Amino acid sequence: MIRKNKFYLSFFVAFFFSFAASATPYLSLYGSPKYKAGFTSFAYVNPDAPKGGRLVIPEYGGFDNFNPYIFKGAASGTIAELIWDSLAVTSTDDVGTVYPLIAKDFDFDAQNETLTLKLDERARFADGSPVTADDVIFSFNVLLEKGAPIYKVYYADVERVEKISPHAVKFHFRKGAQNKELPLIVTQIKVFSQKDWEGLDFSKPSLRVPLGNGPYRIKDFQAGKFVVLERNPNYWAKDLPSRRGFFNFDEIRIDWYQDTTVTLQALFAGNIDAREEYIAKIWATGYDNELVARGDVVQKSFEHQEPAVLQFFAFNLRRPPFQDKRVRQAINLAFNFDFANEKLFYKQYQRLYSYFTNTGMEATGLPQGLEKRILEKFRPQIDADVFEKPFTLPDHSTPQKVRENLRTAVKLLQEAGYDFVDGKMVFLETKEPLEIEVLSNSANGSTFTRVMLPFIANLKKIGIKATFRNLEVNVFKNRMDQFDYDMAIMSYRMSSLPGNELKEMFGSPAADVKGSYNIMGIQNEVVDALIEGIVRAQTRDVYEAYVRALDRVLLSENYLIFQWYSPYHRVGYRNRFGMPETNLKVGFQPLSWWDKTLEE
């Protein structure tokens, strides 16, 4: 299920897969699932973790709504994940398989393009009422009819969902769609109570406490400030193998802040229990105190194998200056990552170099083999450099190279019809100076102020006036939803196996859908065709070739300026939690932690 969380847009995992011809208790990626029939829990949890205690964590911005699946309002995806269950669930160490949750059995008929789901008769909402086929059908239809506009794009290949029995539904897919992800995609749908929403407008933001079926329910809240979630002792799925070892705290409290730096002091004061660190300087210098020295607060890096978060400066292609690739290239040349990493980040980061960094499917070197044959079909429509020059990032490692990059930037702008007039870079045809407003949100704005100052200074050297605005989180969200910006600091949580969600992120149909994930407004027929190739790929080799081809075309267009990533989740937490012993690189997993004082 799509959700927006913190300062990035977070996406669910998409898959390329093959299925057995008969009903199975899982849907798996082209091979066997990691966890076989009869497994008792995932390997990275403690299935016997004690229950009890309390966890307090931060989020940023505010909230005026408990429904994150609509266009209006600000809601927490974290809360939604804890109060509503989906039809199936994935494990962090086996992202290519979905395991039973509300749905206990999966039957994909590739010939007739249908997926039949048998529901677990034990599934219950928090009031004890059963989860039925009617609730599943309502949930799907209400997302299409009343949910955020992007759901119409995402579920375009689902024709309808049919009730087979009180505890079985059949999804019918559009004939000829060949969308290999659809069976897994529909299993990610959250299931709402049809009765709970009767007579209510799903599309209207509301602080009415909704009826859930997940491990927690809302106990208390103050709009925009905090939410207290209590564990449901009668949670229907608490003993399912896919749920054992998780959700160990009796209470989870989420407090809202406007700035990540404030939460460090909240951690030291004992007001929150854990926080993920996003600022390199603070990670390097901010934990040097007595609390950490004596072990009351722990500073730990959790290694993960996730795709790198795609963090970037987004160009708004709907605005005329940024419709010229040469302008985008010139601005890119003015961003000095080498300086930022050395002087500001304590060399803790690596530069992103692909839309799919850390997936093994990055486009590097020149296209070869199947990837090249795919790209040859589009040769008249794409830049010749795709075939002739490997994509490289600007090198700012020496002062000489910095000056050379800026000189190249000026030449590109002049080729695009700009030139210096009284020290300003002016579009000669209209006499309009090139001025840029770069937006960020207050949760991470203090970090980017330091990054932006040298960037702005370099832009000034090539005649571009840039201003940096740090907006309150909800204001920033509204500006992005309306595509009201020149450039903005964004980040996308990428999938280990990118697929259907790429239509929302980079596909032409999503470019004009307000609130969509195609923030930049990319409308490129080749990009659309390559995404379709990814979705329809029948073998792993073809799939990976299409991903690399897409990456290469996106890179050639300079739609964004890459920022940086880390292979670790950096976390500070109060030293009162137990956590599973595992060698698996699963990152920061607080929902598998427990209060270790309960072990005594």
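Helices (H or I, at least four residues) and strands (E, at least two) are DSSP runs, numbered from the N terminus. Axes are lines fitted to C-alpha atoms, for helices over the stretch in contact, with angles from 0 to 180 degrees between N-to-C directions. The model is predicted: local features need pLDDT of at least 70 and side-chain atom pairs count only at pLDDT 80 or more, while totals for chains, interfaces and linings use all residues. Residues are numbered from 1 along each chain as its sequence is written, and side-chain values use heavy atoms, with hydrogens and water left out.

**Exercise 1. Describe how helix 8 packs against helix 12.**

Step 1. Start with the axes: those of helix 8 (residues 325-333) and helix 12 (residues 399-415) come within 8 Å and cross at roughly 165°.

Step 2. Now the class of angle (under 35 degrees roughly parallel, over 145 roughly antiparallel, 65 to 115 roughly perpendicular, the rest oblique). Helix 8 and helix 12 are therefore roughly antiparallel to each other.

Step 3. For the hand, a crossing is left-handed if the near helix is turned anticlockwise from the far one by less than a right angle, and right-handed if clockwise. The crossing of helix 8 and helix 12 is left-handed.

Step 4. List the contacts (heavy atoms within 4.5 Å). Helix 8 brings Arg326, Val327, Gln329, Ala330 and Leu333, and helix 12 brings Asn405, Thr408, Ala409, Leu412, Leu413 and Glu415.

Step 5. Sort them with this scheme: Ala, Val, Leu, Ile, Met, Phe, Trp, Tyr, Cys and Pro are nonpolar, Asp, Glu, Lys and Arg charged, and the others, Gly among them, polar. The contact of helix 8 with helix 12 has six nonpolar, three polar and two charged residues.

**Exercise 2. Repeat the analysis for helix 16 and helix 17.**

Step 1. The axes of helix 16 (residues 525-536) and helix 17 (residues 540-557) come within 8 Å, crossing at roughly 160°.

Step 2. Helix 16 and helix 17 are therefore roughly antiparallel to each other, and their crossing is left-handed.

Step 3. On the helix 16 side, the contact residues are Val526, Val527, Leu530, Ile531, Gly533 and Ile534; they meet Tyr543, Tyr546, Val547, Ala549, Leu550, Val553 and Leu554 of helix 17. By class, the contact of helix 16 with helix 17 has twelve nonpolar residues, one polar and no charged.

**Exercise 3. Work out the order of strands 14, 26 and 15 in their sheet, and find what packs on it.**

Step 1. Two strands pair if DSSP finds at least two bridges between them. The three strands form an open sheet in the order 14-26-15, with antiparallel pairing.

Step 2. Strand 14 (274-276) and strand 15 (297-303) are at the edges with a single partner strand each, so one side of each has no neighbour in the sheet. Neighbouring strands here are turned by 20° against each other on average, direction ignored.

Step 3. Strand 14 pairs with strand 26 (residues 568-574) over three antiparallel bridges; Arg275 has Gly572 as its bridge partner in strand 26.

Step 4. Helix 5 (residues 260-269) packs on the sheet and touches strand 14, strand 15 and strand 26, its direction making about 150° with that of strand 14.

**Exercise 4. Follow the pairing from strand 11 through strand 12 to strand 13.**

Step 1. Six bridges join strand 11 (residues 216-222) and strand 12 (residues 226-231) in the antiparallel sense, and Ile218 stands opposite Leu229 in strand 12.

Step 2. Their hairpin has three residues between the strands, and Gly224 takes a positive phi near 80° there.

Step 3. Strand 12 is joined to strand 13 (residues 251-257) by five bridges, running antiparallel; Val228 has Arg253 as its bridge partner in strand 13.
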